[in-house]
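I opened the model today to look up a few helices, loops and ring pairs, and I kept these notes as I went.

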Amino acid sequence: MMESTLIPQITQLLNQTFNPNHTLVTSATESLDRLSLHPDFPYALLSICSGGDNQGQRIAAATYLKNFTRRNADVAKVSVEFKNRLVHASLLAEPAVLKVLVEAFRSIVVKEFVKENSWPELVPELRNVIQNSNFISGNVVSQWKTVNALTVLQSILRPFQYFLNPNIPKEPVPPQLDLIAQDILVPLLAVFHNLVEKALSTRGRAELEPEKILLLVCKCIYFTVRSYMPSALVPSLPLFCQDLFRILDSLSFDTTTEDDLLRFKTGKRSLLIFCALVTRHRKHSDKLMPNIINCTSSIVMQNIDISKLDFLSERVFSLAFDVISHVLETGPGWRLVSPHFSSLMDAAIFPALVMNDKDILEWEEDPDEYIRKNLPSDIEEVSGWREDLFTARKSATNLLGVISFSKGPPMSCNNNSASSVKRKKGDKIKGKERSSIGELLVLPYLSKFPVPTDATVGQSKISKDYYGVLMAFGSLQDFLMERNPGYIATLVQTRVLPLYSLSTCLPYLVAAANWVLGELASCHPEEISANIYSSLLKALVMPDMGDISCYPVRASAAGAIIELLENDYLPPEWLPLLQVVISRTDNEDDNESSILFQLLSTIVQAGNDNVIVHIPYIISAMVGVISKRIPPIPEPWPQVVERGFSALATMTQTWEGSAPEEDEENETRETGSSTIARACSALLRQAWLRPEQTMEGDISDGLHPASCLNDASILLQSIMQFVTEAKEVSEMKLSELLTVWASLIADWHAWEELEDLSIFDCIKEVVHLCRKCDLENFFVTRIPSPPAPPIPQCSIIEGIGAFVTEAITQYPSATWRACSCVHLLLHIPNISLETEVQQSLVVAFSGAALSRFREIQSKPSALWKPLLLVISSCYLCNPDIVEEVLEKDEKGFTAWASALSYISTSSFEPGLSAESEIKLIGTDLTIFFACNVPDGSLMITHSDGTGEIGRKAARNQWGSRDSEDDEREETEEEFLDRYAKVSMSLENGIDVEEGDVEDQDQELELGTFGEVDQQRAALSLIERYNQIFVRGETLPLQLLTGFVNTFPEYDSLFLHS
């Protein structure tokens, strides 16, 4: 099928994807997937991208091409013809199509140009296109569009914004980037300078195409210098930065229109370039710092009402503050900025902090967004990078924190003016003998603003200004940490706590005060903690004031109490706090309930023994609240349900952790455990089992969201730990719950150490329960009743086995825990009677362990041990199947046996520390020799020198370190070298994660095989092959001597050795 034949078919199918009929769309997509196997398919898509009948069709073709290239970029080599045609299509495409095509182009660029450097013609050809493009060449009829060419260039440069090889301590500039800088960027900066001259000299409406080109060039330079600094670019930096200063100076914040949008985007990118230069390239930026400070200061010190700015304009303000902060953190920058501290405080920082009309509007219309922007805390989990949260206020508070923590002149200095805080070159006075700028300037400035009183509460300016004072206090944590407790106590008692005692409540100020108390929780002296707690508790129950919602007050109070408890404050009474929180969780606001659930978790963790007695009641009450919020249809649960499950999991773990010794169990404890188990069972039944499933025992796969799986596993554990007999298993529908849980973990892919830890613990609890009671659906599930399809569902052990297998192959940090579960599962009572189940587990576990071992075989590591022991445990259960698995891999059996012998030596760390490990290997060797080695054919050799190589590698990796310089501060080179080594370890995936260390020394559970007498087995083996051992020097003399000394009665066996 030729390209010309494919085009009409693909065009028709793309048109069908626009149809509202879902069946037709699905059919068209499947047909496109089948056609994608044809070698001319991507060329046909490119033809449609360029010559489709309408824009929608062209965008659809570009979108499918993007997805196609992403799927196949790492699978096969991209042909030169396709690369050239893709670039050609991108250079000629209309803007909407170009936006999609560059995404397809980027995936190929990363592989072919950035990683492999196998596209040598790309740079010279793109240089020629740019030189001959319409705007740069002045030829308006040129087929090449300058904007398109620069968009392609930007796409090429984007991957270079990050270091390509973090394994190298000081990574040189990649040669591809050097070439682009020399051949394209340097000539382009000359064009950029001329464009700036022309754009700034033109009055009236800005021309669209030149502004686009200015923005694209700035993006290209930003991606180039964010991590690297090509040498060819260095001479052009001063002039380029002067052009950026002029662009920033040209921004008008008074009236911004759509015509100014591109200019403001260019200004934003200019400030990002300055941030990169100051933080990454000090050698080249020090001389530019005076101009950088002058430019950014002129922006932030404009007399502008920030609340009137649109998002982009405020982002420019925010970045200007950030640039000043970065400059201030350098030595030369401190000397430049310090003379302007007073003017910055008065004209820039404080005006950004005071409350404005935009805050009030956001408080009323979107209180959660208001909290995230202005009162951030750990209870608000913001996923990803959200640029809209980087407001001018946030950047101003950050700058104020940097200023306040910096050191001024000696304390003996009488002149406290801002000019006196300039550091002198060669000043040798240590920081601890200096006073902070926070003490010299910031707090005196803030003291000018009075605390609102009942007499002044109606004066809007006083309240708004004091809001700014509170915002400032919240940024002073580092500065206040160095003050004495009395200093902080005075500040809090005189400037913050009075707000809680006003007869007329000011919710905006109280919310800000809550946030300040939370931010300073680590600084509070003990003598004022009780007053702080009392004030926060009062704010936690503050009712709404007519049309004004006090939700931000209650939310910020909850966050502050969490901070207080986490900093070891213990309330005088726990019950009142518990009662307040529990009573307020059952309200209509899911967001507020979510925050209160997190507060409840913290209370239980902090209170521990003080709240243990209340946990059964709390759990029962919470289950009722959470049940109301679980969606009736299978879909991801809302955050309030997830937080509720998390709080329940915390409480059940606290309850189990407080369990007394077995002989100290009492009736109250047993009643509490029963209450918790039944409440958890009721909640999980509602979450996972529909009423008809509960009655018929029919558990359908795929109908349950994998939400809160880690926390649900903890709840299942608490149920299983209480259950002791079959009647309770039936009452609590434990078999049905475990069947659903097993199906969920079988499809688990979110491998996160803290998120899956409880799943492994739950697996162990399931195995222990099997030894006490029979579980329905454990080995085999019955055929579901009609109208469900007559397909057997996943049994409990099948689901667990799939999860463990995936853990072994996919996530290094889970390897030890997963391998520990393998031994448990293979030696469950009665599993030997379930031949097919045991065989399928042996195949899966041994195959996964061998595959993972092969990946890390080149260098001995701690992960060798659990993987090899898994294969050994499988071999113990079914030698024939494991031998088949090993033989499918080239030299798999030899690799396993050789590595097994190596980890049994004293030179391997962590070594065989548990008796069960030694017993497992000894039993395996006995079975192996008995089944595979005929008399007279044994030959003990090293396989491919693995033993010696392994020992050398182990000595290199685990050898002792010289620690005489432990106390010395590391240099930049040492820092980069250390992180390069860490990066290599992470990339190789062979280092043991911190969370796995505790799993290394556990005894293996081998079932009936654990009763084998390894001494008798070893002696039987030696007796059988005695004639072979005495014929040659096949065993080390040290081993023979040690054995004879330990068992002298068997010295005759080695008489001739």
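Predicted model: local features only at pLDDT ≥ 70, side-chain atom pairs only at ≥ 80, totals over all residues.

I began with helix H23 (residues 460–474), whose 15 residues reach 22 Å from the first C-alpha to the last, close to the 21 Å expected at 1.5 Å a residue. For my own record, helices here are DSSP runs of H or I with at least four residues, numbered from the N terminus, and the expected span is 1.5 Å times one less than the number of residues. Residues are numbered from 1 along each chain as its sequence is written, and side-chain values use heavy atoms, with hydrogens and water left out.

I then looked up burial, where buried means under 20% relative accessible area, exposed over 50% and partly exposed in between, with a 1.4 Å probe and protein chains only. In H23, 12 of the 15 residues are buried, so this helix is largely enclosed by the rest of the structure; among them are Ile462, Asp465, Tyr466, Tyr467 and Phe473.

Helix H41 (residues 835–856) has 22 residues that should span 32 Å at 1.5 Å a residue, and its end C-alpha atoms are 32 Å apart, which agrees. Its buried residues include Val837, Leu841, Phe845, Arg852 and Ile856.

**A buried aspartate**

Which side chain of opposite charge is nearest to aspartate 368? I found that it is arginine 372, 5.1 Å away, and that aspartate 368 is buried yet has no salt bridge, a term that asks for a side-chain nitrogen of Lys or Arg within 4 Å of a carboxyl oxygen of Asp or Glu. Aspartate 368 sits in helix H20 (residues 367–374). Leaving aside its neighbours within four places in sequence, I list Tyr551 and Asn591 as in contact with aspartate 368, contact being heavy atoms within 4.5 Å.

**Two loop residues with positive phi**

Aspartate 568, in the loop between helix H28 (551–566) and helix H29 (575–585), has phi near 70°, a positive value in a residue other than glycine. I noted aspartate 568 as exposed, with a relative accessible area of 69%. Asparagine 608, in the loop between helix H30 (590–607) and helix H31 (615–627), has a positive phi near 45°, and at 36% relative accessibility I count asparagine 608 as partly exposed.

**Rings and charges**

My search of the whole structure gave 25 aromatic pairs; rings of Phe, Tyr and Trp (its six-membered ring) pair if their centres lie within 6.5 Å, with planes under 30 degrees apart stacked, over 60 edge-to-face and the rest tilted. Phenylalanine 350 and tyrosine 445 have ring centres 5.8 Å apart and planes at 75°, so this pair is edge-to-face. Phenylalanine 350 lies in helix H18 (residues 341–353) and tyrosine 445 in helix H22 (residues 437–446), so the pair ties together parts that are 95 residues apart in sequence. Tyrosine 533 and tyrosine 569 form a tilted pair, 5.4 Å centre to centre with 40° between the planes.

Last, I looked for charges over rings, which require NZ of Lys or CZ of Arg within 6 Å of the ring centre and within 35 degrees of the ring normal. Lysine 83 lies over the face of tryptophan 119 at 4.7 Å from the ring centre, and arginine 669 lies over the face of tryptophan 655 at 4.0 Å.

How values were computed: Lys, Arg positive; Asp, Glu negative; His and termini not counted.
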